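Trainee: Could you show me how aromatic pairs and exposed side chains are read from a model?
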Amino acid sequence: MLFNHDPPRCAQCSECGGPSRCGTECSALAARNAGGYHVCSTLGHASSTNVSILDKQNPFKGVIVRMSSSGKDPSCSLSVSIICDSNGAQGPDSVEKLGTCDYATTLRHPSGCATIISIGGKGFGWFGTLLIIIICLFGAYLLAGTVYRYFFLGVHGIEVIPNLDLWASLPHRTQIFFSSLVRQFSGPSTSHRNSYSPVNS
């Protein structure tokens, strides 16, 4: 909020830029007439803004944005109920005073409409998260082992990788494992059966 000319004075607005900068650094202000002059009071700041759902049973209805100015006497606040309206912005038509320095108003705006980020179980899930954790731990193990062997043991070249023999033998071990599984489930081969000669009794 900026004033083109003759800005009103601001009471208790030291953290909003001072009394001569009414509205330039405050989120919400209330003006009252004092001796023929309009004086502003701070209602809320951007740093003390709280956003909540208007209706938990129907999250698509809208949100409530509450700005407060804590640490003052009295403590003031402004609650704005933003009702979802994808057609455009409407209002607010009036401001209701709820307490000594608490105000509330309602407006309709597209920003009050909920946005669906993820639906239908899309995402990593527990298995994807576990897989990422295992990969990160494995990478940290390789990095720490490599640094230790290079700087403390003086190993250079490809031998700096920890347990290099184990990683190099993994493809061969995997091939043997799957070959044994295939032989176990398929049974003895034809050539193996025909390699024996019948025995005469």
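Mentor: Rings of Phe, Tyr and Trp (its six-membered ring) pair if their centres lie within 6.5 Å, and planes under 30 degrees apart count as stacked, over 60 as edge-to-face and the rest as tilted. By this rule there are 5 aromatic pairs here. The pair of W126 and F127 is edge-to-face, because the ring centres are 6.0 Å apart and the planes stand at 85°. Y148 and F152, by contrast, form a stacked pair, with 5.5 Å from centre to centre and 25° between the planes. This is a predicted model, in which local features need pLDDT of at least 70 and side-chain atom pairs count only at pLDDT 80 or more, while totals for chains, interfaces and linings use all residues. Residues are numbered from 1 along each chain as its sequence is written, and side-chain values use heavy atoms, with hydrogens and water left out.

Trainee: Is W126 buried or exposed?

Mentor: Buried means under 20% relative accessible area, exposed over 50%, and partly exposed in between (1.4 Å probe, protein chains only). W126 is exposed at 68% relative accessibility, and F127 is exposed at 54%. In the stacked pair, F152 is exposed, with a relative accessible area of 64%, whereas Y148 is partly exposed at 45%.

Trainee: Where is N163 placed?

Mentor: Helices (H or I, at least four residues) and strands (E, at least two) are DSSP runs, numbered from the N terminus. N163 lies in the loop between α1 (125-151) and α2 (164-186), and its phi is near 55°, a positive value in a residue other than glycine. N163 is partly exposed, with a relative accessible area of 43%.
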